[in-house]
Amino acid sequence: TLRAVEKELLPGFHQFEWQPALKNVSTSCNVGIINGLSGWTSSVDDFPADTITRRFRYDVALVSALKDLEEDIMEGLKENGMEDSICTSGFSVMIKESCDGMGDVSEKHGGGPPVPEKAVRFSFTVMSVSVMADGETEKVIFSEPKPNSELSCKPLSLMFVDESDHETLTAIMSPIIAERNAMKDSRLIVSIGGLSRSFRFHFRGTGYDEKMV
């Protein structure tokens, strides 16, 4: 599943940087699918046994999603009568996170090591992009037209774990949470429309499955 998603989500690697640099996160931009437990900081004894999980690094996935919206962002600036060469900072991105059980997936995988028959997917949706106009008014230049659509939802992590196993789920999610928290205190610098622009990210978890709250 993630192999197909990788081709769809990461059509090309993009150069970007964080200011300040993200705490405990590599500055490398060329990162594809990684072991879902990468970034695990607890002792080896605490490692969830036999857990299979694959994910993208959160910031790399966000940059890719933002680059997919490049035309929409530029069009939004134009529609609001804003000079794109002046608007290089003050961008805000609202991210909705969701984590939902995929049910029994025992029929969905091929050969290989035995895996638990339940899976959980963590994904995100870029809900809106706004920019500070004339230093005081915030204008929305992109708003996701179908926020609840599967098409607007970008998969970030696939975990073979029972959604009712809160302890393991929380443990597996900890590296993702750490990356998200690091991004809250930093600005992303990435080229959009041929110019480097700075973005701040805001996260909300309104799409969580009730069983996981």
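Visitor: Is Cys-99 buried or exposed?
Guide: This is a predicted model, in which local features need pLDDT of at least 70 and side-chain atom pairs count only at pLDDT 80 or more, while totals for chains, interfaces and linings use all residues. Residues are numbered from 1 along each chain as its sequence is written, and side-chain values use heavy atoms, with hydrogens and water left out. The relative accessible area of Cys-99 is 3%, and the classes are buried under 20%, exposed over 50% and partly exposed in between, with a 1.4 Å probe and protein chains only. Cys-99 is therefore buried.

Visitor: How many disulfides does a search of the whole structure find?
Guide: Cys-87, with a relative accessible area of 11%, is buried, and Cys-99 is buried as well. A disulfide is taken as a pair of cysteine sulfur atoms within 2.5 Å. The number found in the whole structure is zero.

Visitor: What distance separates the C-alpha atoms of Ser-98 and Gly-205?
Guide: Ser-98 belongs to strand S4, residues 91-104, where strands (E, at least two residues) are DSSP runs numbered from the N terminus. Ser-98 is buried, at a relative accessible area of 9%. Although Ser-98 and Gly-205 are 107 residues apart along the chain, their C-alpha atoms are separated by 6.1 Å.

Visitor: Which residue in the hairpin of S5 and S6 takes a positive phi?
Guide: The hairpin has three residues between its strands. The positive phi there is near 40°, and the residue that takes it is Asp-134.

Visitor: What is the omega of the cis peptide bond that joins Gln-19 and Pro-20?
Guide: Pro-20 is placed in the loop between strand S1 (16-19) and strand S2 (34-35). The peptide bond joining Gln-19 to Pro-20 is cis, and its omega is about -10°.

Visitor: What is the relative accessibility of Asn-24?
Guide: Asn-24 lies in the loop between S1 and S2, and its phi is positive, near 60°, in a residue other than glycine. Asn-24 counts as exposed, because its relative accessibility is 73%.

Conventions: Helices (H or I, at least four residues) and strands (E, at least two) are DSSP runs, numbered from the N terminus. Two strands pair if DSSP finds at least two bridges between them.
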